[in-house]
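Please open the structure in the viewer and display the backbone as a cartoon.

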Amino acid sequence: MIPFENCPICGNKLKEKEVEKLLRGGVNTAIVKVHAEVCLRCGERLYSSETVRCFEQIRARLTRQETAGFQPLGQSFFVPSCNVDDLSG
Ligand SMILES: [Zn+2]
């Protein structure tokens with residue numbers, strides 16, 4: 001399923017985990033729970049080609065605003081600059 005036994009970045013062992021992946025399409029975002037092989041040392045995540053195809057489908061649907069079957073989850077915001085003085089007021 002995953003073409004690596006060890007992390008291609010640092011060579012450490014990979015462990016299968018359930019992770020949350022944030023996807024963007026156009027101005028929309030979605031979070032999807034998927035299985036990934038996660039490096040225990042550097043945190044690199046590897047996804048199967050099937051999962052990557054699923055990400056592409058979700059991104060395409062987000063771009064086209066076709067969100068039937070997706071659950072609303074809070075709101076997302078754009079903050080034009082990271083200024084501590086503005087944000088703490
Ligand atoms: Zn690694």
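**A tour of the chain**

Begin with Gly25 and select Asn28 in strand 2, which is its bridge partner. The model is a predicted one.

Proceed to Glu37 and locate Leu46 in strand 3, its bridge partner. Strand 3 (residues 45-46) runs antiparallel to strand 2 and is joined to it by 2 bridges. Here the hairpin has 5 residues between the strands. Within this turn, Gly43 has a positive phi of about 85 degrees.

Now select residues 49-63, which are helix 1. This helix has 15 residues and reaches 21 Å from first to last C-alpha, close to the 21 Å expected at 1.5 Å a residue. Just after helix 1, select Gln65, which takes a positive phi of about 65 degrees.

Finally, display the whole chain, which contains 2 helices and 3 strands in the order β-β-β-α-α along the sequence. Along the principal axes, its C-alpha atoms fill a box of roughly 45 × 35 × 15 Å. The radius of gyration of the chain is 17 Å, whereas a compact globule of 89 residues would have one near 12 Å. Buried residues account for 8% of the 89 residues. Of the contacts between residues at least 6 apart in sequence, 58% join residues at least 24 apart.

Key:
Residues numbered from 1 in each chain as written. Predicted model: local features only at pLDDT ≥ 70, side-chain atom pairs only at ≥ 80, totals over all residues. Helix = DSSP H or I, 4+ residues; strand = E, 2+ residues; numbered from the N terminus. Expected span 1.5 Å × (residues − 1). Rg over C-alpha atoms; globule rule 2.2 N^0.38 Å. Buried ≥ 20, exposed ≤ 12 C-beta atoms within 10 Å, placed from the backbone. Contact = placed C-beta atoms within 7 Å. Pairing = 2+ DSSP bridges.
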